[in-house]
Amino acid sequence: MGLKEKGLAVMTFGCQMNEYDSERIGGILSQEGFQLTENLEEAQVILLNTCSVREKAEQKFYSQLGRLAEVKRKSPSLIIGVGGCIAQREGERIFDRASHVDLVFGTQNLSRLPVLLRKVIETRAGVADVTREEKSEAPYLIQRESHVKAWVAIMQGCNNFCSYCVVPTTRGPQRSRSNRQIMEEIEGLIRENYKEVTLLGQNVNAYGQDLPEEINFAVLLSLVNGVKSIERIRFVTSHPKDLSDELIDAMATLPKVCEHLHLPVQCGSDKILNLMNRGYKAEEYQEKIGRLKALIPHIGLSTDLIVGFPGEEEEDFAATRELVKTIQYDSIYLFKYSPRPDTTAAVFSNPVPEKIKQERFQEILTLQKEIALRKNREIEGTVVDVLVEGRSKRDAEKLTGRTRSNKIVNFYGHQDMVGRLVKLEIVKGKLYSLEGRLLN
Ligand code: 5AD
Ligand code: SF4
């Protein structure tokens, strides 16, 4: 049996690397004649790209998968595939939990998807493949969602083994792409008129450490900075221990590199940082932030924080609270610790009771809301450059874009401004966004 109509729906859970992988899945399968659709009823194939980083993310996926059982019962020819980090970890066990799944594919074998799908169609039996493919210099096939800003993976995997984190297991060891391959992907973006590129990886500032040639992330940034017609460069995620002075200097001097850094600190206590296997002390982190603020005035700073890690006592939590007060982040991603299978922290003693985790979560959230609102109000009246991304999702009358410091600004403007840089006066600072007024 073949697939005459080829509607493909891809549902993405989790991080930006997953969003990018979903764009790759779209690119790879569009070569096979599949057409992306958001309407599940039009889809002959539904692929779920899953996240395993916290238990909540897993639950979200399994409940979505449960709902698809009913869809499949109504149209038995529908093919349901599961990829991403849960698939990588669970492999064939997914079939035991959900018999309506036809295909399980891993995080490191996307280019085999056409072959695997054909196998499902021919055999109508469950197919699972979570092996890792050979490193290849072939360009990625990508169907991007935005026409203004593009993600470009510069590496896959992670070698850090933070004690709470599943990523090194689900995504494998760090593999940097060659700078030739990366630059080719970025050159391709120029032809399609992209204005912003975000270099992606689990730990971008360790870029190149696994390559035979002499290259590091600061050098890569300067190469990308030389690409004409790209106006803005961003990157995520950075690890504090690999944030070198050379990189800070590159950020300060390369004109296209935006004044924003996402630098996950996780917590402010040296005891907990050590248990987390993070490889730095809170003071070293603060020194790096001090250097960044000194060299890059108006830098936007964001971070990830985990509260309730095993062994976190009141004084450890107080250290985190103090750090958040001192640094004054523009935004934070705050998480309650969630034990993950096959991580070293999963067997740590002294778990923090859920009630205390929740209280600590709430306390940091409230503190950060005050900080964010105050910082956003402080820039009322200033003039900013905004790259216009499209219509605002909340208010279709407005356009939306970001400042170089990564703040979202909504404003009234004309559709033909999408993809352009505009000057706006900030008229209102809110908690998670700004309102702007177009200046002529
Ligand atoms: N529990 C809670 N948060 C986690 N993160 C990663 N693993 C866990 C976990 N087991 C958070 C970290 C990381 C972000 C992507 O997710 O803060 O930086
Ligand atoms: Fe996970 Fe740590 Fe690697 Fe980030 S650096 S992906 S938190 S192991």
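Author: Thr 237 lies in the loop between β11 (232–236) and α9, where helices (H or I, at least four residues) and strands (E, at least two) are DSSP runs numbered from the N terminus. The model is predicted, so local features need pLDDT of at least 70 and side-chain atom pairs count only at pLDDT 80 or more, while totals for chains, interfaces and linings use all residues. Residues are numbered from 1 along each chain as its sequence is written, chains are lettered from A and ligands numbered from 1 in the order in which they are written, and side-chain values use heavy atoms, with hydrogens and water left out.

The peptide bond that leads from Val 236 into Thr 237 is cis, and its omega is near -5°.

The shell around ligand 1, counted as residues with a heavy atom within 4 Å of it, consists of Val 53, Arg 54, Tyr 164, Gln 266, Asp 304, Ile 306, Phe 335, Lys 336, Tyr 337, Ser 338 and Arg 340. At least two residues of this shell come from β13 (300–307), and at least two from β14 (331–336). By class, the shell holds 5 nonpolar, 2 polar and 4 charged residues, with Ala, Val, Leu, Ile, Met, Phe, Trp, Tyr, Cys and Pro counted as nonpolar, Asp, Glu, Lys and Arg as charged, and the others, Gly among them, as polar.

The side chain of Arg 54 places an N or O atom 2.8 Å from an oxygen atom of ligand 1, and the side chain of Gln 266 places one 2.7 Å from an oxygen atom of the ligand. Ser 338 takes part through its backbone, with an N or O atom 2.7 Å from a nitrogen atom of ligand 1. Of the 400 Å² that ligand 1 exposes when taken alone, the protein buries 86%, by the Shrake-Rupley method with a 1.4 Å probe.

Around ligand 2 stand Cys 158, Asn 160, Phe 161, Cys 162, Tyr 164, Cys 165, Val 167, Pro 168, Gln 202, His 239 and Arg 278, and this shell divides into 7 nonpolar, 3 polar and 1 charged. Tyr 164 is listed in the shell of ligand 1 and in that of ligand 2.

Technical notes: Polar contact = N/O pair within 3.5 Å; in protein donor to acceptor, adjacent residues only side chain to side chain.
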